[in-house]
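The following exercises are to be worked with the sequence and the model at hand. Each task is followed by a stepwise solution.

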Amino acid sequence: MDQFNPKVAEEDIRTLTASLSPLSTSFKQEKEPDHENNEDCLLTKEEGKVRSGKHSMEEKELLALQQDSGIPYNTKKATAWGVRVWDEWGKTRNSYIMEQGVQRNELFLYVPELCYEITHDELNFWLCRFVLEVRRQDGSEYPPNSLRLLCCSILRHLRENCRRSDIDFFNKLKPDFAEFRATLDNRMKQLQRLGIGLVRKQAQPYTEDDEERLWQVVFHLCDAKSYSFAVYFYVCKVFALCAAKDHHKLTVDQFEFGCDMINEYVEFTGRPSNPQDSLEKLKIIQTRQYADSPNPRCIVSLLRRYLCMIPREGSFYRRPVPGTMQFSEQAIGVHTLERYSKEICEAAGISGHHTGHSGRVSSATTLYNRGFDEQSIKERTGPTGSLAKGYRRPSPAQMKAMSDCLQPPNPLKKISACSPSSSMSSEDHSSSQDEGPSNIIIISEDGIDHPQEITTILSRPEVTITEQSGVLKIEIPPRNLPLVPLSSVHTITKLKIVKGDIVLELNL
């Protein structure tokens with residue numbers, strides 16, 4: 001067994017102490033308060049309470065600001081709208097009661113404010129009167145959905161701003177507000193029976209004729225104002241930006257030009273419009289628009305010229321100088337951008353309900369009518385689910401084709417449907433006509449000549465065309481000969497039967 005040596009042990013202890021001394025010193029410096037620099041340690045007990053109270057107030061204000069920033073702008077606007085309508089209705093009703101001096105035996109006489117002290121019975125009583133009596137400023141009825149949204153705004157105000165978490169008058173398990181729910185339901189059904197709110201006011205898409213009209217009248221690109229209008233229109237249509245606040249937040253660095261193996265392009269990097277959305281919705285959206293070099297109205301060239309006229313950084317929309325091709329450094333306000341769609345349509349003489357959403361609707365409608373699949377439309381225009389379906393609008397040609405399919409059976413079209421060559425496409429038929437001269441036999445009972453090149457015409461008043469039980473019957477007297485005799489060289493390609501306004505063509 002090793003013997004204990006006191007000298008060696010003492011030297012080891014000294015070495016260990018020397019090695020630990022910096023750590024202990026630093027530990028003491030971290031733990032010991034600095035009485036010279038810490039003002040709170042020099043405060044008295046009363047002063048410390050005041051200082052801690054200030055800190056708590058500042059923390060509460062910061063916490064309230066942080067919580068308020070998590071509420072979307074449109075939600076705040078809707079809540080304020082509901083409270084404002086309630087206050088105006090209550091003020092009008094209370095003033096009427098005071099002027100008329102009406103004495104009532106009811107429990108509640110005056111409409112209260114939406115505050116923390118309001119009771120369940122009082123709120124249930126006045127909500128029933130509210131949904132029955134509230135009107136717009138012009139005296140018209142609110143649509144059923146608007147009436148329900150007003151009640152939702154009132155509920156949101158009571159729960160979030162008044163801290164009344166016990167109030168939930170849409171919950172069917174709460175018997176305190178059963179009378180209100182029944183009143184609201186019956187009122188909405190009554191408004192629907194009257195036809196109020198059945199037609200939704202939606203943004204209409206721009207047609208090709210509308211867009212051509214805009215280029216001829218508004219987008220002439222002879223001054224800065226026309227450039228500003230054109231850029232706003234195609235940012236709405238090509239990059240699917242709708243709200244004026246989203247346009248107002250645009251910056252120059254969101255547009256980047258490049259070139260790949262396909263062609264030159266401009267790439268737009270979008271930003272989330274509502275930072276309060278969930279993490280799944282907070283995605284960076286990049287949209288690439290390729291150039292169309294032969295087109296003098298190419299969007300890529302338009303954006304390149306516009307960006308050369310404004311400052312290279314900062315806001316994307318700059319105020320145009322009237323009558324010149326210059327832009328000032330001042331950014332365009334959000335309210336001015338809200339009026340852009342209206343000003344563009346008024347300048348071009350385009351009627352209908354067109355807003356900033358019309359650009360996105362036009363984009364989705366055009367892609368839908370050109371046969372693009374739904375997934376491609378979603379990726380390009382942005383909206384998903386049922387919203388994307390609401391943006392797709394059938395073209396007039398598609399609506400005409402659907403209307404024709406729903407018409408009653410036309411007996412004059414049965415022969416055409418049974419003809420083997422009637423299934424040919426319009427492109428195939430036009431190509432067959434271009435290969436050489438076509439000979440058409442026209443049978444008509446109107447007695448009017450139908451002049452056509454190399455056409456055999458049989459048009460006499462003696463010709464009778466009748467229809468019985470879906471069978472077309474043509475009676476031609478034997479003495480009636482064609483005006484142009486047929487020969488072995490002629491090849492008949494079409495038979496055309498004319499009876500009044502009805503024309504039946506058979507491809508042979």
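**Exercise 1.** Which residue just after H6 takes a positive phi?

*Solution.* Gly195 does, with a phi of about 80 degrees. The model is a predicted one, in which local features need pLDDT of at least 70, side-chain atom pairs count only at pLDDT 80 or more, and totals for chains, interfaces and linings use all residues. Residues are numbered from 1 along each chain as its sequence is written, and side-chain values use heavy atoms, with hydrogens and water left out.

**Exercise 2.** Compare the span of H6 with its expected value, then locate its buried face.

*Solution.* Step 1: helices are DSSP runs of H or I with at least four residues, numbered from the N terminus. H6 covers residues 178–193, 16 residues in total. From first to last C-alpha it reaches 23 Å, close to the 22 Å expected at 1.5 Å a residue; the expected span is 1.5 Å times one less than the number of residues.

Step 2: the buried residues of H6 (under 20% relative accessible area; exposed is over 50%, partly exposed in between, with a 1.4 Å probe and protein chains only) are Phe180, Arg181, Thr183, Leu184, Arg187, Met188 and Leu191. Because they cover an arc of only 165 degrees around the axis, they lie on the same side of H6; the arc is taken from the directions from the helix axis to the C-beta atoms.

Step 3: these buried residues pack against helix H4 (120–133) and helix H5 (144–161), where contact means heavy atoms within 4.5 Å.

**Exercise 3.** Classify the aromatic pair of Phe170 and Phe180 and state which parts it joins.

*Solution.* Step 1: rings of Phe, Tyr and Trp (its six-membered ring) pair if their centres lie within 6.5 Å; planes under 30 degrees apart are stacked, over 60 edge-to-face, and the rest tilted. The whole structure holds 28 aromatic pairs.

Step 2: for Phe170 and Phe180, the centres are 6.0 Å apart and the planes at 65 degrees, an edge-to-face pair.

Step 3: Phe170 belongs to the loop between H5 and H6 and Phe180 to helix H6, so the pair ties together parts 10 residues apart in sequence. Phe180 is buried because its relative accessibility is 0%.

**Exercise 4.** Describe the surroundings of Arg213.

*Solution.* Step 1: Arg213 is in helix H7 (residues 208–217) and, at 40% relative accessibility, is partly exposed.

Step 2: leaving aside residues up to four places away in sequence, Arg213 touches Val218 and Ala348. Its side chain reaches the backbone oxygen of Ala348 at 2.9 Å.

Key
Helix = DSSP H or I, 4+ residues; strand = E, 2+ residues; numbered from the N terminus. Polar contact = N/O pair within 3.5 Å; in protein donor to acceptor, adjacent residues only side chain to side chain.
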